[in-house]
Amino acid sequence: MQRKTLSRLLLILVVAFTTFSCSKETAEDVQAKADRKQDVKDYVAHHLLDSHDFGLYSYTDDAGEVHHVGFPLPIILWDDGLKVFSSAKFHHGETVAEVDGNYYKIDHAKIYKTDAAGTINYDEDHHATNAKPLDLSITKGVFMMLLTSILMILLFRGLAKSYAKNGGIAKGAGRFFEPIVLYIRDDIAIANIGEQKYKKYMPFLLTVFFFIWFLNMFGLTPLGVNVTGNIAITTALAIIVFLITTFTGTKDYWKHIFDPLGDGMPWSGKIFIYIILVPIEILGLFIKPFALLIRLYANMTAGHVVLGSLLGLIYIFQTWLGGTLSFGLAFAISLIEILVALLQAYIFTMLAALYFGFASETHEHHEEHEGEIQHL
Amino acid sequence: MEIPTIVGAGLAVIGAGIGIGMIGGKAMEAIARQPEAYGKIQTAMLIAAALIEGIGFAAIFAG
């Protein structure tokens, strides 16, 4: 009891002392603090963008020189002919790269064509107005996607082989992945698509689930990648879902969109309802994948921003108490992010399966549905 | 006086938060009443929460 009171007193003293020592700020300190805040903001914003080299970290040595640790990635440009060179030529975006008499410079993770001095012109909204060559580079995001794909091929090919060898019994990593695969089959695919048709969607659902999950998990490692938090990648995934839904749609699916009331009503009555209903249904076709892409992108970006800001607080507070608190909070958020990484992969797969289920609904199902409406 | 868009975004996020909270609460009540339907309720809860969350994020990006 006494010890508890003592430790509490000590804590109050420490907090009071730290607050006191913080309050003695000169104008110089205030300026330095504002600079550090801006640095943290820039760092977080930079982390969210894709980049043309794979930087792990950078530090400033005693002589004031900045060192980057990482490796360059290939740059592939289409600018009146294919141009392939290493991103080491940009020196982490600091210098102009000269290739076959053309000059290129990186500004905010985008490559622009410039003159020899590397001038980039901005319009009043601070958007660069320089010409942009078609950029097909293997960026950090593309590199991570290729790595994840190779990892998945090796892992699941290996698992398939071990199943064949052991007579269908899981071994090693299979013991971990089997329940997940079975869960996706039984509780996502069969539950939403139905017993007869789920099989043709299974490869896509499994691939997209593990792809998103692995990339989300890579985003939490010190590699510092943010692939699923990149709107271009989530858009591509959502477009694939949209194409599969559209092209595997049955007659009943399209009938449901363009003629939802069926034969239950004469067309003279239906036409007034359909003026409102059909455009909404058509909009719904596009809103569904759009919600998918925004959800994944926003969740992963938000997670990275929160983690980056919390870690950035250490540099803003610059007291041991602030550092400890931010680190503790960042640790707790990281644990939640591990859950979010799995949950977002699950939600994406789940909703994709739901949309496939709508698209492949059969006639019996449809009549049952109609009966329900009439019954009501 | 003009109200900044960020206030509207905040209001929308409060709405989304209340909505997700209600879904979670109701799902718990439902699970307490019918523990054997746990899996189905959880799935339905996650789908509904994910749909509302989308609105919240749309508001954040608009703000």
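**Close-up views of a predicted two-chain model**

**View 1. The annotated spans of chain B.** The end C-alpha atoms of residues 44-62 of chain B lie 28 Å apart, and this span is 100% helix and 0% strand. For residues 6-23 of chain B, the distance between the end C-alpha atoms is 25 Å, and the span is likewise 100% helix and 0% strand. Both spans carry the annotation "transmembrane region" in an unreviewed UniProt entry. The model shown here and in the following views is predicted.

**View 2. The contact between chain A and chain B.** Eight residues from chain B and eight residues from chain A take part in the contact. On the side of chain B that touches chain A, five residues are nonpolar, two are polar and one is charged.

**View 3. The two domains of chain A.** Chain A is divided into domain 1, residues 58-137, and domain 2, residues 141-368. The C-alpha centres of these two domains of chain A are 34 Å apart.

**View 4. A three-stranded sheet in chain A.** The strands follow the order S4-S3-S8 in an open sheet with antiparallel pairing. Strand S4 (82-86) and strand S8 (134-135) of chain A are the edge strands, each pairing on one side only. Strand S3 (residues 74-78) of chain A is joined to S4(A) by five bridges and to S8(A) by two bridges.

View 5. A:Pro74 has A:Ser86 in S4(A) as its bridge partner. Towards S8(A), A:Leu77 has A:Asp135 as its bridge partner, and A:Trp78 stands opposite A:Leu134. In a regular strand, side chains alternate between the two faces of the sheet. The covered face of S3(A) holds A:Ile75 and A:Leu77, while A:Pro74, A:Ile76 and A:Trp78 belong to the uncovered face. In the hairpin of S3(A) and S4(A), three residues lie between the strands, and A:Asp80 takes a positive phi near 55°.

**View 6. Helix H3 of chain A and its surroundings.** Helix H3 (residues 140-165) of chain A has 26 residues, which at 1.5 Å a residue should span 38 Å; its end C-alpha atoms are 37 Å apart, so the two values agree. Buried residues in H3(A) include A:Lys140, A:Gly141, A:Met144, A:Met145 and A:Thr148. The buried residues of this helix pack against strand S1 (53-60), helix H5 (202-219) and helix H6 (231-247) of chain A. Just after H3(A), A:Gly167 has a positive phi of about 65°.

Notes. Residues numbered from 1 in each chain as written. Chains lettered and ligands numbered in written order. Predicted model: local features only at pLDDT ≥ 70, side-chain atom pairs only at ≥ 80, totals over all residues. Pairing = 2+ DSSP bridges. Helix = DSSP H or I, 4+ residues; strand = E, 2+ residues; numbered from the N terminus. Expected span 1.5 Å × (residues − 1). Buried ≥ 20, exposed ≤ 12 C-beta atoms within 10 Å, placed from the backbone. Contact = placed C-beta atoms within 7 Å. Nonpolar A, V, L, I, M, F, W, Y, C, P; charged D, E, K, R; others polar. Domains from an automatic or database assignment. UniProt positions renumbered as here; feature names shortened; annotations may be inferred.
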